[in-house]
Each structure stands twice: as C-alpha cells, then as structure tokens.
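Please keep the sequence and the 3D structure in view while reading.

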Amino acid sequence: MAEEKESTSIPLSQGDNASRDDPEDPAKSPPSSPNSSTRRACCFVLQSWVSKKFMTGCVVLFPVAVTFFVTWWFIQFIDGFFSPIYSRLGIDIFGLGFITSLAFVFLIGVFVSSWMGATVFWIGEWFIKRMPLVRHIYSASKQISAAISPDQNTTAFKEVAIIRHPRVGEYAFGFITSTVTLQKDNEDEELCSVFVPTNHLYIGDIFLVNSKDIIRPNLSIREGIEIIVSGGMTMPQLITPVERATRPNERISLNRIG
C-alpha cells in the first residue's frame with residue numbers, strides 16, 4: 001500500500017514546472033513587445049491602403065475595358081459581313097469590311113427614304129408579316145427601333161413620362177405611346193398610354209393614366225432609353241417638368257376668341 005501511494009503521488013516541484021512551461025496559459029505567456037504591435041499596425045495600414053487603391057484602379061479601368069471590348073466586338077462583328085468577300089478577292093485589310101458595312105447601311109437608308117425604296121420595303125414587310133413566327137419578332141424589334149428613329153412616326157415613343165406607381169410616394173419611369181379618349185356619361189377623359197419597361201425595353205406594362213397626372217420631364221427619348229438600359233445610372237441629378245404645349249385645337253379656339 002505504501003508503494004502504491006508513492007507511485008501515484010506527484011511532487012509539488014514538478015507540478016509547478018509543468019504550469020510554468022505551459023504555453024497556452026495566458027497568465028504565463030511572455031508580454032508582447034512594442035515593436036511587434038507597431039509592426040502589426042503598419043502592416044494593417046499598408047494592407048488597407050493597397051486594397052483601397054487596387055479597388056480604385058478596378059473601378060476606373062472597368063468601364064474603359066468594357067467600352068473597348070464592346071467596341072472591338074462590334075467592329076469585328078460588322079467587319080465579318082464583307083471581309084470574306086475581300087478575302088476571296090485577295091484583299092486583306094482589317095477594317096475594310098467594317099467601312100463597307102457602314103457605307104452599305106448608309107446607302108440602304110438613302111434608298112428606303114426614296115419613293116421606290118419605300119415601296120420595295122413595304123412589299124418585303126408585307127411578306128414578313130405573313131410568316132407565323134417571324135412576324136412577332138419583327139414587330140417587336142420594329143417598335144424598339146422606331147422609338148429611337150430620327151423620323152418621328154406614329155409607332156415611336158412620344159414623350160418621356162413619370163407616373164405615380166405602384167404606391168403613393170413612388171414613381172415609375174416610362175414612355176407615352178399614344179393618347180385615347182375615354183367616353184363617360186358626364187364628360188370625356190383624356191388618357192395617355194404609358195409604357196413602363198420592366199425588363200430593359202422589350203418587356204413592360206401598359207398603364208392608362210390621366211394626362212393631367214403625368215409628369216413630363218425635360219428629357220429626350222434617347223436620354224430616357226439610356227436611363228432604362230443603364231438601370232438608372234445615367235439618371236440626371238435634377239429633373240424639371242416641362243409645361244405641356246397648347247394643343248392645336250386650343251390654339252384655334254383662343255385665336256377665335258381673340
């Protein structure tokens with residue numbers, strides 16, 4: 001029994017040495033020197049400065065890189081229409097197909113503007129509208145192109161509009177496409193058909209809003225399209241409404257009264 005007690009007993013000196021040699025004990029760990037804390041602070045400041053400057057460079061170069069990439073892709077895409085013809089002729093000049101494509105588009109615009117070109121275009125459009133699936137794609141794309149066309153026809157966007165939607169205090173950005181008169185028992189109400197895009201320009205909702213409740217900002221159709229396509233990033237900081245011009249019938253009535 002005495003030998004078992006001696007074997008299980010631990011000297012106090014050994015226990016003290018074990019507690020002193022334990023590196024995980026925070027009370028026994030050596031204090032950090034001022035030089036190490038200063039080095040850590042300097043490393044943290046340097047890392048923060050490098051990260052901030054790197055992100056600034058990315059923010060500056062990102063739109064430049066996207067612009068160059070899209071421009072280069074567009075040039076190669078347009079150049080690919082006529083460059084195979086020049087390759088067969090033994091002419092290998094980069095950009096010649098792109099210039100030829102631009103000249104071709106210009107000549108098409110000149111031709112369609114004439115009476116003969118408009119007639120040929122109308123015949124081709126008549127055949128396209130008779131095709132089952134192609135006519136829907138053609139109609140949607142034609143409406144979008146008509147919105148930014150310099151020739152203001154009946155299918156183009158009329159004005160940029162801001163309406164109160166979907167709740168009070170919230171506004172939606174859209175385009176006035178047409179005007180309709182709602183006949184009532186008491187009086188007629190003039191409504192405007194406002195197209196509010198929900199997915200860029202080709203998908204959206206149509207709202208019939210009273211013409212008096214529409215805010216007409218001082219923005220052109222192209223500026224409105226840029227705002228929609230960019231997700232609102234090109235929105236000007238200040239928008240002022242434009243007063244509605246007097247309608248022709250109102251001018252005639254005012255002249256008769258005068």
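The sections below treat a helix pair, a further helix and the annotated regions.

## Basis of the model

The model is predicted: local features need pLDDT of at least 70, side-chain atom pairs count only at pLDDT 80 or more, and totals for chains, interfaces and linings use all residues. Residues are numbered from 1 along each chain as its sequence is written, and side-chain values use heavy atoms, without hydrogens and water.

## Helices α4 and α5

Helices here are DSSP runs (H or I, at least four residues), numbered from the N terminus. Helix α4 spans residues 96-113 and helix α5 residues 115-128; their axes, which are lines fitted to C-alpha atoms over the stretch in contact, come within 4 Å and cross at roughly 95°. The two helices are therefore roughly perpendicular (65 to 115 degrees between N-to-C directions, on a scale from 0 to 180).

In α4, F111, V112 and S113 meet W115, M116, G117, A118 and V120 of α5, where contact means heavy atoms within 4.5 Å. The residues of this contact comprise six nonpolar, two polar and no charged; Gly counts as polar.

## Helix α7

Just after α7, G231 takes a positive phi of about 75°.

## Annotated regions

An unreviewed UniProt entry gives the annotation "transmembrane region" to residues 54-75 and 95-123; such annotations may be inferred rather than shown by experiment. Residues 54-75 are 100% helix and 0% strand, with end C-alpha atoms 31 Å apart. Residues 95-123 are 93% helix and 0% strand, and their end C-alpha atoms lie 34 Å apart.

Methods:
Parallel < 35°, antiparallel > 145°, perpendicular 65-115°, else oblique.
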